[in-house]
Amino acid sequence: MDDAAGEEEASMFETSHVLGALLASSPLLARAWDRCTAATAAALGFVHGEEDGGNKVYVGFSGVQAALSAAGAAVAGGGADVFAPVGLGGGDAAAGRMFAPLVAAETDPAAAAGEPVAVQALALQCFLKLCGSPDFQMLLDEIRGKAVVFTGHSLGGAIAALAALHFLCISSSSSPWAPAPPVLCVTFGSPLLGNEALSRAILRERWGGNFCHVVSQHDVVPRLLFCPPDAVPAHIIVGMQLHQWPARTRQTGAVTTVTMRMADTDKDALRQLIQRHVGAVAMEQKLAAPDETTRGSPYRPFGTYVLCSPEGAACVDNATAVVQMLYATFASRSSPSAGSPEAAHSCYGELVLKMPQHLLLKRRLRVDDAPATPNYDDGVSLALEASGIDAMAMEASTARQWLKTSKRAGRRPSLNSARLATQLGRITPCRAQIEWYKALFDAEMGYYDAFKQRRSPRKYSKVNLNRIKLGQFWDRVLTMLDAGQLPHDFHRRAKWVNAARFYQLLVEPLDIADYHHHGHHRTSGSYMTHGRERRYELFDRWWQEKACTGGAGGDVTSSMLAASASSRRRSKYAGLTQDPCFWARVEEAREQTESAQGERDVAELAMKLEELQEFERYFRELVASKEVSVDVLAPQSSYTLWVEEWNQLKLRDEVRTMLLRF
């Protein structure tokens with residue numbers, strides 16, 4: 001096992017420090033910080049300006065208004081309400097509409113234990129107020145189609161993150177399958193914004209790379225919301241924000257009180273409070289099973305964290321590793337002259353200016369008699385040094401292990417996906433055997449009826465075995481997806497959505513045939529409500545989300561709309577019938593027709609005839625649009641037999657009279 005781990009490490013390259021150095025060397029952070037500074041001094045709540053010849057827009061958000069609105073509660077000792085998480089899809093309908101793709105993700109079975117997506121109350125309140133202003137709506141119209149950098153410091157960073165999420169949501173809603181717009185959110189010393197469900201929803205939408213959170217080694221604000229809500233010292237976060245406000249000296253009342261109370265806070269006690277709660281979350285986190293953590297604070301990180309120190313910067317994008325590194329960097333005593341909490345929270349301007357200079361000067365060559373270490377270990381050491389953790393610090397060993405674990409965990413879902421792709425290729429012969437079986441009976445009765453009646457027992461046995469093998473493969477895929485062993489956006493990747501859909505259209509008719517052959521429709525009930533496998537329901541959802549067609553619902557009307565909705569008309573019949581439950585509906589129609597033939601109650605007969613007319617309209621639309629395979633129209637298929645039975649029923653006088661009334 002150790003040898004395998006060693007081989008894996010030997011093939012890896014630690015990029016945390018490389019990405020950190022690249023980011024620190026670019027003008028991005030300096031430009032973003034300039035906008036933050038301008039926004040803090042502005043009365044509007046946000047400022048914007050163009051860079052690179054007008055092709056890129058920087059939008060800076062201020063958290064001063066948020067701090068002013070919370071100053072009274074902070075003075076009174078409140079914090080639980082001010083920084084409590086509120087659901088986006090709960091009480092506020094406006095928030096639900098603004099973040100619709102994230103709220104819709106709550107219905108996903110992989111969501112964190114059914115937990116609703118929630119964000120920090122204060123940030124959401126200020127953002128909603130900002131959204132109601134004409135100036136902000138004009139800004140959204142101006143920046144549409146441009147590369148945008150949303151940025152903010154402290155509470156302004158949380159508002160900037162909500163603005164970026166809103167912009168991504170409205171762009172996604174207008175074009176669901178277009179690439180994400182060129183949006184980046186850069187925050188400096190921002191408090192945590194949302195819960196685990198928000199983090200998962202962002203990953204599912206593939207937006208994790210759009211967020212970059214810059215955190216200095218000793219800044220308390222990004223770590224304070226790891227405390228349980230009732231233990232959050234709100235006056236610290238509010239006071240830190242107001243400390244950056246140039247006009248604070250002209251204020252009185254709550255502003256003066258909260259800043260003075262912050263200044264009088266016992267710094268050692270504050271550090272111990274943060275270390276205790278961040279350490280508790282770090283201990284609870286289990287990378288293999290993140291849902292099994294006990295809950296203190298509801299807040300969790302998302303996106304990429306840039307951990308800065310005078311030595312450089314390191315980038316970490318695994319949420320669990322981020323928690324570990326936030327703890328390790330804060331707990332490390334490698335910088336005893338860290339200064340006051342206020343200085344650590346306001347040092348970002350100095351950091352973004354000094355880091356590029358430091359990187360240019362830092363060209364040390366380590367020459368000693370020690371045996372050479374692998375490049376991967378050297379990379380981890382550089383990442384620790386860049387984040388401010390000394391190699392001899394007590395936290396260095398744990399942080400080193402978490403950087404390695406994070407790297408392996410980041411690779412594992414992609415590697416599992418690649419292995420499944422190989423296995424998908426290996427089961428192609430199983431699928432090909434069923435396709436051959438279908439072609440064999442297309443002209444006579446179709447493969448559905450041939451399988452149901454067990455025609456050609458030897459061929460049936462082989463096809464049935466392949467049907468079972470394919471079902472086992474896809475069940476294994478879904479088990480891995482449920483366990484978090486595959487990429488979060490796996491169910492949105494075109495290759496897998498299309499492969500699942502083809503499998504479903506080809507094989508589900510055989511499952512329906514098997515269900516009816518054994519008479520389960522009589523003992524257990526309708527196939528669609530009692531016999532359908534979970535995998536088919538999930539594949540319907542995948543296909544619906546792809547916006548290519550609607551899913552097959554339980555009622556005929558919704559199914560008709562789903563199956564017949566097509567943006568183009570076919571010139572020939574489909575290779576596979578596009579409604580996977582088509583044959584289950586045919587069986588229901590045949591049962592309904594048989595029941596109507598012996599019905600003597602006029603009211604009951606009328607209800608059954610109305611349902612049969614719906615079936616007829618649905619089937620005719622599918623056939624007319626060529627959304628069915630040729631086997632549906634085979635002379636001895638169940639569909640052809642139903643058409644004959646239905647036509648015979650319509651010849652009866654009382655039936656003809658009732659149908660005319662409809």
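Rings of Phe, Tyr and Trp (its six-membered ring) count as a pair if their centres lie within 6.5 Å; planes under 30 degrees apart are called stacked, over 60 edge-to-face, and the rest tilted. This is a predicted model, in which local features need pLDDT of at least 70, side-chain atom pairs count only at pLDDT 80 or more, and totals for chains, interfaces and linings use all residues. Residues are numbered from 1 along each chain as its sequence is written, and side-chain values use heavy atoms, with hydrogens and water left out.

Start with the aromatic cluster: select Tyr-448, Phe-582, Trp-583, Phe-615, Tyr-618, Phe-619, Tyr-639, Trp-642 and Trp-646, which form one cluster. The structure holds 34 aromatic pairs.

Next, select Tyr-503 and Phe-539. Their ring centres are 6.2 Å apart and their planes are at 85 degrees, so the pair is edge-to-face. Tyr-503 lies in helix H23 (residues 494–517) and Phe-539 in helix H26 (residues 534–545), so the pair ties together parts 36 residues apart in sequence; helices here are DSSP runs (H or I, at least four residues), numbered from the N terminus. Tyr-503 is buried, at 2% relative accessible area; buried means under 20%, exposed over 50%, and partly exposed in between (1.4 Å probe, protein chains only).

Phe-582 is in helix H28 (residues 582–597) and Tyr-639 in helix H30 (residues 638–650), 57 residues apart. Phe-582 is buried at 0%, and Tyr-639 is buried at 9%.

Definitions and conventions: Helix = DSSP H or I, 4+ residues; strand = E, 2+ residues; numbered from the N terminus.
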